[in-house]
Amino acid sequence: MKDNRVPLTLISILADGEFHSGEHLGEQLGMSRAAINKHVQTLRDWGIDVFTVPGKGYSLPEPIQLLDESFIKSQIDSGTVAVLPVIDSTNQYLLDRLSTLQSGDACIAEYQQAGRGRRGRQWFSPFGANLYLSMYWRLEQGPAAAIGLSLVIGIVMAEVLQRLGAEEVRVKWPNDLYLSDRKLAGILVELTGKTGDAAQIVIGAGINLAMRSVATDVINQGWINLQEAGIRIDRNTLAITLIQELRAALQLFEQESLVPFLPRWEKLDNFIHRPVKLIIGEREIYGISRGINEQGGLLLEQDSVIKSWVGGEISLRGVN
C-alpha cells in the first residue's frame, strides 16, 4: 500500500487555510520544493483544491476540519470505530473483516479511493469534504428481516442532521436524503447470509458537507451540500451522533421491525403527496406518492387506487 504519511502531514499543515511557502513546507517536511509540489499533486488527486500563488506558496480555498480520531473514540463508549484517512471504501473495509466485528462497529474515512453507491455506481469521495461512514450489524432473524432497513438509516440520518442545524433535510425512498429537492446523501446497504442464517449487514452512508464542483460525468444528478445551503455542521460531532443514534435505531428495528418508524418517515418524506415518476428498469409509472407501508414499499396512487411497489427509484414527475 502506498505510504501516505507525507501528503497527510501536508494536509494537516494546510488545513488552516493560510498560505504556506514551498520553502517553509520543505523545511518542515525535510524535502525539496520540487518534492513538495509532487505531494501537492497527490492532494489534488484526492479532490482537494490547492492554490499555488507565486511568492506566497500553497493554500486551500478555506480551512478543512479534519476527523479527530481520539475525540471520536473518547465519545463512543462501546464497540470499535476505525477512523482512517485514506481507504478504498468504508463498506469494503468492514466486509473484509466480518468475522471480527460486533454489531455497531463502524468505520469513518477522510477519503475513499473507490467509494460505492447503489447499483454499482461510483460514490465520489473527495478528501475532507464530506462524511463517509459505514456500520456493521448482525441481524439474527436473517436476510428477510432486513426489508426496510435502508429506510430506518435514512430516518436516523435526517433526524440527526435536523437536530444539528439542517432543519430542511428530508428522506427520499428508498435510499437518499434530499435538501431543496436535490440529493444531499446516499445510503448503501450490503448484506450477506443465507435463508435460515443470521444476516451480516454493512450499512454505508455518504453525506455532502462541503463538496466542491464535480464534473457531470462523475455525478449526473442534481446534488447539494450543506455548506452551499449555508449550514455548517461539525464533522466529528456528526460522526459521533450518527454512530450512537444508528446503534439505538438498529436495536429497535431488530425488536419491532419498521412499524415504530412509519410516523417518523411520514414527517420526513420529501415526496409524500407529490406527483412522482417511479422507474423500474425500462418501465415508468406515474402517480402520487402516499408514503410507505409496513414492509417499506412505496405507496403510489393512480386513478384513486393505491398500490405498493418494492423496487425501483422515484423522481418528481417531469424531473430526472
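Visitor: What should I keep in mind about the numbering and the values?

Guide: Residues are numbered from 1 along each chain as its sequence is written, and side-chain values use heavy atoms, with hydrogens and water left out. As this is a predicted model, local features need pLDDT of at least 70 and side-chain atom pairs count only at pLDDT 80 or more, while totals for chains, interfaces and linings use all residues.

Visitor: How many helices and strands are there in the protein?

Guide: The protein has eight helices and 14 strands. Helices are DSSP runs of H or I with at least four residues, strands are runs of E with at least two, and both are numbered from the N terminus.

Visitor: What share of the contacts joins residues 24 or more positions apart?

Guide: Such pairs account for 65% of the contacts with a separation of 6 or more. A contact here means heavy atoms within 4.5 Å.

Visitor: Where is pLDDT under 50?

Guide: That happens over residues 214–220, for which the model has seven contacts beyond four places in sequence. pLDDT is the predictor's confidence in each residue, from 0 to 100. Where pLDDT is low, the predicted coordinates should not be read in detail. For the protein, the mean pLDDT is 89, and 91% of the residues reach 70 or more.

Visitor: Why does M135 count as buried?

Guide: M135 has 1% relative accessibility, so it counts as buried; the class means under 20% relative accessible area, with exposed over 50% and partly exposed in between (1.4 Å probe, protein chains only). M135 sits in strand β5, residues 131–139. Leaving out residues up to four places away in sequence, M135 touches L94, G104, D105 and I201, among others. Its C-alpha atom is 8.0 Å from that of S103, 32 residues apart along the chain. Across the protein, buried residues make up 51% of the 320.

Visitor: What makes N225 buried, then?

Guide: Its relative accessibility is 5%, so N225 falls in the buried class too. N225 lies in the loop between β9 (199–207) and α7 (235–256). N225 and L95 are 130 residues apart in sequence, and their C-alpha atoms are 28 Å apart in space.

Visitor: Why is E69 called partly exposed?

Guide: E69 has 36% relative accessibility, so it belongs to the partly exposed class. This residue is found in helix α4, residues 69–75. Its C-alpha atom is separated by 35 Å from that of E266, 197 residues apart along the chain.

Visitor: How do you know that S180 is exposed?

Guide: The relative accessible area of S180 is 56%, so the exposed label applies. S180 is in the loop between β7 and β8 (182–192). Its phi is positive, about 55°, although S180 is not a glycine.

Visitor: And what makes S304 exposed?

Guide: S304 has a relative accessible area of 69%, so it is exposed as well. Its place is the loop between β12 (298–302) and β13 (305–309), and its phi is positive, about 70°, although S304 is not a glycine.

Visitor: Which omega goes with the peptide bond from W173 to P174?

Guide: That bond has omega near -5° and is cis. P174 lies in the loop between β6 (170–172) and β7 (176–179).

Visitor: Which residues does E18 touch?

Guide: Not counting residues up to four places away in sequence, E18 touches Y58 and S59. E18 lies in the loop between α1 (5–14) and α2 (22–29). The C-alpha atoms of E18 and N175, 157 residues apart along the chain, are separated by 38 Å.
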